Amino acid sequence: MIADLEEIKGVTLETIYETSEGKLILTCIQCGTCVGTCPHGEYMKYPPRRIIEMLLHGLADKVSDTDSMLKCVNCYACMAKCPRGIHLTEVLLQLIKEQTILKLPTLPAELQKALENSYRYGNPMGESGRKRANWVATSKYPVRILSQNPGPVDVLWFVESYPAYYPRGQDTCRAIAKIFNRLEIDFAILGNEERSAGECGLLAWETGLAEALIDYNISILGKYTFNKIVTSDPHALDAFNYRYRMYGFKKPVYHIIPFLMPYYDKLKSMLTRPLNYSVTYHDSCCLGRHNGFFDEPRALLNAIPGIKLVEMFHHRINSICCGGGGGGMWLDTYFKSQNMERLSDIRIREAIATGADILAVGCPYEIPRFEDALKVAGYENKMVVKDIVELLSESMED
Ligand code: SF4
Ligand code: SF4
């Protein structure tokens, strides 16, 4: 399912046909499956099928003259369903995005600010880099910071920006610190030395920004001795596994949910506090559709005593995007100006329809998006959004 990263490094729309990916694009049968599965397809002048049609007629420039790719939230739905296996989200759409962004006279203000903040402060919120590890002081469980204690460590926990700064994200950090300590995992964080992995820049295809963040993080990571990276952010997972590799980064990188699976028996024996909730799980696009982790989140939820798991109508590979990927986190105002309904609002209605008490998630973007969507739906007191790690921690005695 994954494109050949070495081959596509540095590829452009002009040189793409020299690659196996370009040859794959030529096999497009114009079936329109990609358009039908795209959650924003109806709002794009040029959805994926039309992009390929234009490309084949030498008219790619016309596509990047429109905002079609600004509306792509990198949900991988088109790519997952393409009968030819064309790596739309990973390759072609990114190239069009890159050109679109270069041509737009101005970017939507929110996105522009997030990209500027990422460049200047190392996080899209514009928070001070010196406060990145402040949450550690609020953790009941010890968290080693490598700059203060730089010896070798097994797991380098890449915290990422939303968990590090956003209050609900910090709840997930405290939960992870508890789980790691209880499982006796040898772990440490970069602390204030960490900067955003750069995925938002990459998938909004601000290549220069992405490269600056990649270079910086690779040089900081190079100072320390560790065996693997674990992150709770599927976007960071993708950045490391699909982009940092192009720049020579070689260490294994795991999302925390699959990472915990080898500890399943030990973890389950610690989940002694029953949580008598009905829970529905939202498959994150990066974790599920892109990386195939559908069973692992459900296995961990089912390990918690008392939890009853109910599925939404669209789940697993058919899950509906929360709208936060590919720069979508910072495009809600722009989408609204285009009379587009937020995907998080659509998705939350499916979650509410299950009658569940809890919407479980595995991506830090999803907590703020769905909490806000619950407010919009008037359901803020009837359903709660929680990361899976929060539920695991809640079921674990201190
Ligand atoms: S789903 Fe694949 S084969 Fe069908 S139109 Fe889209 S890109 Fe072409
Ligand atoms: S990645 Fe998702 S949003 Fe982007 S074009 Fe494909 S289906 Fe549409």
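# Ligand shells, domains and sheets in a predicted model

Reader: What makes up the surroundings of ligand 1, and which residues are closest?
Author: 14 residues surround ligand 1. The closest are C28, C31, T33, C34 and C82. The model is predicted.

Reader: What makes a residue count as near a molecule?
Author: Its C-beta atom, placed from the backbone, must lie within 6 Å of the molecule.

Reader: Which helices supply at least two residues each of the shell around ligand 1?
Author: α3 (33-37) and α4 (48-56) do. α4 gives the most, with three residues.

Reader: How many residues of that shell around ligand 1 are nonpolar, polar and charged?
Author: Nine are nonpolar, three polar and two charged.

Reader: Which residues come nearest to ligand 2?
Author: C38, C72, C75, A77 and C78, out of 16 residues around ligand 2. α6 (77-81) and α7 each supply at least two residues of this shell. The largest share comes from α7, with three residues.

Reader: How do the residues around ligand 2 divide by type?
Author: Into 11 nonpolar and five polar, with no charged residue. Cysteine counts as nonpolar here, so C38, C72, C75 and C78 fall in the nonpolar class.

Reader: Where are the domains?
Author: The domain assignment gives domain 1 (5-103), domain 2 (109-259) and domain 3 (262-395). Between the centres of domain 1 and domain 2, taken over C-alpha atoms, there are 29 Å.

Reader: How do you know that domain 1 and domain 2 are in contact, and how many residues take part?
Author: Contact requires C-beta atoms within 7 Å. Eight residues of domain 1 are in contact with eight residues of domain 2. On the domain 1 side, helix α7 (residues 88-103) brings the largest share, five residues. That side divides into two nonpolar, two polar and four charged residues.

Reader: Why is W157 called buried?
Author: The cut-off is 20 or more other C-beta atoms within 10 Å. W157 has 27 C-beta neighbours inside 10 Å, so W157 counts as buried.

Reader: Where is W157 found, and what does W157 touch?
Author: W157 is found in strand β1. Leaving out residues up to four places away in sequence, W157 touches I176, F187, I189 and V230.

Reader: What makes β1 and β3 a strand pair?
Author: Pairing takes at least two bridges. Five bridges join β1 (residues 153-158) to β3 (residues 226-231), so the two strands pair. They run parallel. One example is L156, whose bridge partner in β3 is I229.

Reader: How do you know that β1 also pairs with β2?
Author: Three bridges join β1 to β2 (residues 187-189). At least two are needed, so the pairing holds. These strands run parallel. V155 has F187 in β2 as its bridge partner.

Reader: In what order do the four strands of the open sheet stand?
Author: The order is β6-β5-β7-β8, and the pairing is parallel.

Reader: Why are β6 and β8 called edge strands?
Author: β6 and β8 (384-387) each pair on one side only.

Reader: How many bridges join the neighbouring strands of that sheet?
Author: β5 and β6 pair over two bridges. S278 stands opposite K308 in β6. Three bridges join β5 to β7, where Y281 has A360 as its partner. β7 and β8 pair over four bridges. A360 has K386 as its bridge partner in β8. The cut-off is at least two bridges, so β5 and β6 still count as a pair.

Reader: How do you know that both faces of β7 are covered?
Author: In a regular strand the side chains alternate between the two faces of the sheet. I358 and A360 lie on one side of β7, L359 and V361 on the other, and all are buried.

Reader: What does L359 touch?
Author: L359 touches T280, H282, A351, F370, M383 and V385, not counting residues up to four places away in sequence.

Reader: Which residues have the most contacts inside the largest nonpolar core?
Author: I176, L301, L359, A360, F370 and L392. This core has 115 residues.

Reader: Which residues of helix α17 are buried, and what covers them?
Author: In α17 (residues 295-302), E296, P297, R298, L300 and L301 are buried. Their cover includes α14 (256-260), β5 (278-281), β6 (308-309), β7 (358-361) and α21 (388-395).

Definitions and conventions:
Residues are numbered from 1 along each chain as its sequence is written. Chains are lettered from A and ligands numbered from 1 in the order in which they are written. This is a predicted model: local features need pLDDT of at least 70, side-chain atom pairs count only at pLDDT 80 or more; totals for chains, interfaces and linings use all residues. Domain bounds come from an automatic or database domain assignment. Two residues are in contact if their C-beta atoms, placed from the backbone, lie within 7 Å. A nonpolar core is a set of buried Ala, Val, Leu, Ile, Met, Phe, Trp, Tyr and Cys residues joined through C-beta atoms within 7 Å. A residue is buried if 20 or more other C-beta atoms lie within 10 Å of its own, exposed if 12 or fewer, and partly exposed in between; C-beta atoms are placed from the backbone.
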